[in-house]
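Q: Could you take a close look with me at one part of this model? I'd like to go through a pocket and its lining.

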Amino acid sequence: MQAEPVATDRFRDLGVRVGLDGGVLRVASATATSMELCLLSERDPSWVERTVRMKRGDDGVWTGGSALLTPGRRYAVKVGGPDGPRHAFDRSRQLLDPYARGIVRIDQDSWRSVVVEDDFDWGDVRKPNVPLAETVVYEAHAKGLTKQLRSVPRALRGTYAGVAHESTVAYLKDLGVTAIELLPVHQFGSEQRLMKQGLVNYWGYNTVGFFAPHAQYASLPAQSSGPQAVLDEFKGMVKHLHAAGIEVWLDVVYNHTAEEGPSGPIQSFRGIDNSTYYRQDDGRYIDTTGCGNSLDCSQEQVRRLVHDSVRYWAQEVQIDGFRFDLAVTLGRDEHVTYTPDAPLLQELLADPALADVKLIAEPWDVGLGGWQTGGFPPGWSEWNDRYRDTVRDFWLTDTVITRHGGLARTGIGALANELAGSSWHFSPERGPLASVNLITAHDGFTLSDLTSYNAKHNLGNGESNRDGTDNNRSFNFGIEGATRVERVVADRQRAMRNLLGTLLLSAGVPMLLAGDEVGRTQRGNNNAYCQDAPVNWVSWNPAEWQSDLQAIVKRLIRIRREHPALRPATHASDTSENRMHWYTPDGVAMDEAAWTTPENRTLQYLAQAGADATLLVVHGDETTMRAALPEHDGITDYELLWTSADDTAFGLHSVPGEHIQIDGPTLLLYAAR
């Protein structure tokens, strides 16, 4: 399955293309003055067996070919060019092809390109194409998900094959998620600082090459066989997940590379065309990522690299969605100003080959004007940090305040906005599906730690606990860390149920962090990016309460699937089939005071989509109260589907106007008929 070229042909067919007479390599560099293709020995990957002088075209693309440039061949390029602060040319250095689809590591900082074949037998398996309105995302680490999963054969644990194993796929299917979002799986390396400390980059946000899968996540036999076997194992993982109806999304890092700052390793981009690839001011890097460098997507050559990579993974590897790390960097113009009209953001949307692909932005970076939640163009979805913060504040931070006699800061109005699809942040044109809702993610506390720690505990990261945010919006319920005190344990478990219930019953696209459904802990580490150890791997030996929590998540996902009213594709309005009605605890329509009074921590939310209707009752105080179920036209019965107070209490029927007792803090969900 060959990826079609992007419309413009200035940078067509970059990388290696293999034909009957061998292969041709095309590499873009607007500033190079010489370039050589080095064909390398299989025995000694640094030994050059043959050199081919490449020719520069008028478009700044260098071309060279050889009958020996065939699948399995290792190769590199040597590039010469002018001196000066904007350049980093060294004619003696062997560099990685930016479009290499196979990559092998030679030593700590050196990598070599390998030619691979694209052929793969997909059989009759096709992309699931799950509509966004029906999507439940599961963010997972390709290694950490199965490293401790005993139902996976030991040799496959922590590998692509482990993710593809029938027991892993069956688990995901049974849980009810529709897409697995893998942390970075492009070939990456560890930063110089980490290696000096004896640590590694576990998360993978340090890309070496944008077209090759990370070889170290493949099984040992595949790694031994080489990049072709690694790629085939990755494709096999995608095929098995697709066969089960589960989409595969990738967390992709197109904002910076593993070459770090100006004094960092020269592996590829810097040595080929430093002044084009990296955003800089006369040799001084302009870093909007906090990682030492920023790819300059105001340059056509860089945009084409990103676009071609996305196309390759979407077409050749059949990936269904992409979450773009620090996506604001991708939308910055030549003046380093973010704009939703940025060419790359619009080109990805306009590409017919990506019409069925989900595009998700992490809508911030660390540059000036870097916080852009709600600021991406229609067609993009975004990680919604405002949803995360509001929900955490309502169930956790405000509980701390009220326990100390203070007045809660997060009124019911702010929570209602997030429950209903975040219309304060996303325009009617974009709707609720622009919001990827999350409570937790790979960076930050896990769900269990969010309810167990008031402060981060990151000493193991080697930075004297300086790294990681201090703005956790968490609450330990009176004791820091693990405890057996029954009152504290009960409060924490109730809070987890309320947080999960809010996530899975809100309009928008819910994202669940792998392991949160079983109460996974990182022992208070809220930035475990450099911990390739059990603290970061999902533990699959749950206690009874963890199994109960998992059952609740399964049930909530099933309820969400069965009730379209919980997952509208558009914001509610008088002209759409989606209707939302808001009631006080007394069962009367909410007025302005009810929306804005901080003391008001309770509401009833009736959502309708066609013939389906649900009533969600939210009570955010640690008090007991009585509420009257609302009397609404056409509604004659309320059936309790779930409550965070008692997961065994369901199936009870009530009539409009009937008074119920609510023991807070609590969520109750009813089917309204």
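Which helices each supply at least two residues of the lining of the second largest pocket?

A: Happy to. This is a predicted model, with pLDDT of at least 70 needed for local features and 80 or more for side-chain atom pairs, while totals for chains, interfaces and linings use all residues. Residues are numbered from 1 along each chain as its sequence is written, and side-chain values use heavy atoms, leaving out hydrogens and water.

The helices you ask about are α11 (447–450), α12 (486–505) and α13 (544–562); helices here are DSSP runs of H or I with at least four residues, numbered from the N terminus. Among these, α12 gives the most, with 4 residues. A pocket is an open set of points on a 1 Å grid over the protein atoms alone, where a 1.4 Å probe fits, with protein on both sides within 12 Å along at least five of seven lines; lining residues have an atom within 4 Å of a point.

In total, 28 residues line the second largest pocket, and S448, G519, T521, W545 and Q546 lie nearest its centre. Its space comes to about 520 Å³, a volume being what is filled by probe spheres set on the points, which are joined across faces, edges and corners. By class, the lining has 11 nonpolar, 12 polar and 5 charged residues, where Ala, Val, Leu, Ile, Met, Phe, Trp, Tyr, Cys and Pro are nonpolar, Asp, Glu, Lys and Arg charged, and the others, Gly among them, polar.

For context, the largest pocket holds about 1,100 Å³ and is lined by 41 residues.
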